[in-house]
Amino acid sequence: MPEGHTVHRLARDHTKAFAGQKLIVDSPQGRFADEASLLTGRKMTNVLAHGKHLFYEWSPGRGARAGANLVHVHLGLYGKFRLHKNPAPEPRGAVRVRMIGTEKTFDLNGPTRCEILSKADYQKLLDRLGQDPLKQDADPEVVWNRISKSRAAIGTLLLNQSVIAGLGNIYRAEILFLLGIHPEQPGASLSREQFDQLWQLSVDLLAIGVRYNRIITVDLSQAGKPASRLKRDERLLVYKKTRCTECNAKIRKWELGARTMYACEKCQK
Ligand SMILES: [Zn+2]
């Protein structure tokens, strides 16, 4: 599943390619046809991201279109965007929505969610999402309040989108490894200092992720080659590794929070 950096990068790229334009909106597959008819021909003004959620904002519509000013997309496990130069090729597979701008077109296949949200439902959704480290106005105190009062494992809490929005399975493993924290340590047992480091690392690593459009947790000054040339195996420290990159101990792999966790139990006490 894409983590927050991918979603923020999409918001940035789609804003650049489509915002301010009157778009042709279509649903080749048909499942978004009614919604598309409310949006087509109107101006899309902005694309926002929060955690793993994307929001496409439209200029206010009139009449039947008055309530249709926001499209919510969650990619889930199978959702995928394809960006084309115009004229776009024939839709490939089940394209839920196609948006055609002046120079570019995007197709969206297989999202978990693709829906028009009312203002109230948008607010409800934001209210149940945790703070997003990639947002300027994110408040780490809110996150600390949740984590410091929870007996749940920190490895589980980091996947909980109502605690921190945007971290996924790769970032949680890498962040806990970098901090030397055991994933099964209860949230409440973290010191304030550990939490502050965890938050700052989330901010920094996600920002690197947006910049390079991939997760990189190795020290780029030590990597020996440009970030764009690093292979997957060279970009990460613990995720899907068999041996620890620090101490060469065997990496433990197990289910935690319904996803596979990777940790070095020698380095992460
Ligand atoms: Zn180790």
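I started at Gly101 and listed its contacts (C-beta atoms, placed from the backbone, within 7 Å). Leaving aside neighbours within four places in sequence, Gly101 is in contact with Ala17, Phe18, Gln21 and Leu23. I noted that this is a predicted model, in which local features need pLDDT of at least 70, side-chain atom pairs count only at pLDDT 80 or more, and totals for chains, interfaces and linings use all residues. Residues are numbered from 1 along each chain as its sequence is written.

I placed Gly101 in the loop between β7 and β8 (104-109). Helices (H or I, at least four residues) and strands (E, at least two) are DSSP runs, numbered from the N terminus. Gly101 counts as partly exposed because it has 18 C-beta neighbours inside 10 Å. I also checked Val25: its C-alpha atom is separated from that of Gly101 by 9.1 Å, with the two residues 76 apart along the chain.

**First sheet**

β2 and β7 (residues 95-100) run antiparallel and are joined by 3 bridges; two strands pair if DSSP finds at least two bridges between them. The open sheet holds 4 strands in the order β2-β7-β8-β6, with antiparallel pairing. β2 (24-26) and β6 (80-85) are the edge strands, each with a single partner, so one side of each has no neighbour in the sheet. I read an average twist of 15° from one strand to the next; axes are lines fitted to C-alpha atoms, for helices over the stretch in contact, and angles run from 0 to 180 degrees between N-to-C directions.

β3 (residues 43-50) and β4 (residues 53-58) pair over 6 bridges, and Met44 has Trp58 in β4 as its bridge partner.

**Domains**

I looked up the domain assignment, whose bounds come from an automatic or database source: domain 1 is 4-128 and domain 2 is 140-263. Their centres, taken over C-alpha atoms, are separated by 30 Å. The contact takes 8 residues from domain 1 and 10 residues from domain 2. On the domain 1 side, helix α1 (residues 4-18) gives the largest share, 4 residues.

**Hairpin and core**

I found β10 (residues 252-256) joined to β11 (residues 259-263) by 5 bridges in the antiparallel sense. Trp254 stands opposite Met261 in β11. The hairpin has 2 residues between its strands, and Gly257 takes a positive phi near 65°.

Last, I checked the nonpolar cores (sets of buried Ala, Val, Leu, Ile, Met, Phe, Trp, Tyr and Cys residues joined through C-beta atoms within 7 Å). The largest has 36 residues, of which Ala173, Phe177, Val238 and Ala263 touch the most other members. α6 gives the most to this core, with 7 residues. Apart from it lies another core, of 27 residues, including Val7 and Leu23.

Note on methods
Contact = placed C-beta atoms within 7 Å. Buried ≥ 20, exposed ≤ 12 C-beta atoms within 10 Å, placed from the backbone.
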